[in-house]
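User: Please walk me through this structure. I would like the general idea for each feature, then the case here.

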Amino acid sequence: MQVSGEIQEPFDLIRLSLSERVMVKLRGDRQLSGVLHAYDGHMNMILSDVEETVMIVDPVPEGVKPSIRVAKRQIEMLYVRGDGVILVSPPQRE
Amino acid sequence: MATLHTLVDKRVLLVMQDGRVIMGNLVGWDQRSNIVLADCVERRFSQESGATDSALGVYMVKGDQICLVGEVDAAIEEATSWSEIKVDPLPAVRYGDA
Amino acid sequence: MLIFSVFKTLTDHTVTVELKNDLCITGVLKSVDQYLNIRLDAIKVENAEQHPHMMAVKNCFIRGSVIRYVQLPASAMDIQLLEDATRRESGKKI
């Protein structure tokens, strides 16, 4: 499939990712991986089979190297409000 | 907004974007969810001294500062000794740095 | 409009709304408007012991702009319908 010919504007890339697994980077050090089923012009999205990854930096005394904790959880079906979205990455293609 | 009219004349609890809790009788509201409250009190939560109320009178609260509007169940409200409830205030809404 | 329609079809279903102040509220979806403000009935706050602030509140109105996620009932949703509607909507200029 010749993908580049079908993409004229950024949202075309998201349309071609419908029913495929996408990676979504969000504000607040959050990242989602899920199957994209719906979106709109605000980048509100509905994803299924979602894994959320949150990076948490625990407070440490000064001079100590801060450690980063990663919290993961699974959600069956999720609406994501578009104002938190930083980027959407389509599935990896051959 | 198809959703606030059922709360008019009721005692409501507002959670603000900065985490404050304000209670009052809902007098009116508009399209932007600006809200007018009568007999208003602010309920301050504290880990040390428990929750305390301070009277504010009539307030107009700007819609964009509101996080949530809840209907207060009078029976539960009256049966609760709020001064014995020792918790931190609610966190503020954060839109995230990056 | 698409996401608004999706929420309308989920009226009377139980959803979990996660706010940008990290509060999680589960309740029965009673109504939604064009701003995606949400009205919930029979609410329960997650970790109720740490969050007694809303103990006397049984139903509430949540401002759309403070919502981060909504966990949706997957069984009540038609994925095919959702994707078709998204393709149709994205064909129009947003």
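User: What pattern does chain A follow along the sequence?

Analyst: Helices are DSSP runs of H or I with at least four residues, strands are runs of E with at least two, and both are numbered from the N terminus. Read in that way, chain A runs α-β-β-β-β-β. That gives one helix and five strands. The radius of gyration of chain A is 16 Å, well over the 12 Å of the globule rule for 94 residues, so chain A is more spread out than a compact globule. The radius is taken over C-alpha atoms, and the rule is 2.2 Å times the number of residues to the power 0.38. The C-alpha trace of chain A spans about 55 × 25 × 25 Å along its principal axes.

User: What kind of model is this, and how is it numbered?

Analyst: The model is predicted: local features need pLDDT of at least 70, side-chain atom pairs count only at pLDDT 80 or more, and totals for chains, interfaces and linings use all residues. Residues are numbered from 1 along each chain as its sequence is written, chains are lettered from A and ligands numbered from 1 in the order in which they are written, and side-chain values use heavy atoms, with hydrogens and water left out.

User: How much of chain A is buried?

Analyst: Buried means under 20% relative accessible area, with a 1.4 Å probe and protein chains only. In chain A, 40% of the 94 residues are buried.

User: Which residues does Val57(A) contact beyond its sequence neighbours?

Analyst: Contact means heavy atoms within 4.5 Å. Val57(A) belongs to strand β3, residues 45-57. Neighbours within four places aside, Val57(A) touches Pro66(A), Ser67(A) and Ile68(A). From Val57(A) to Val70(A) is 13 residues in sequence, and 8.7 Å in space between C-alpha atoms.

User: How do I read the interface between chain A and chain C?

Analyst: Buried area is the accessible area (1.4 Å probe) that two parts lose on being put together, summed over both. Chains A and C bury about 2,300 Å² between them, with 61% of it on carbon and sulfur atoms. Met77(A), Tyr79(A) and Arg81(A) supply 30% of the area buried on the chain A side, more than any other three residues. The contact takes 25 residues from chain A and 27 from chain C.

User: What area is buried between chain B and chain C?

Analyst: About 2,600 Å², and carbon and sulfur atoms give 65% of it. On the chain B side, Thr3(B), Leu68(B) and Leu90(B) lose the most area to chain C, together 21% of what that side buries. Here 37 residues of chain B meet 28 residues of chain C.

Note on methods: Buried < 20%, exposed > 50% of the residue type's maximum accessible area, 1.4 Å probe, protein only.
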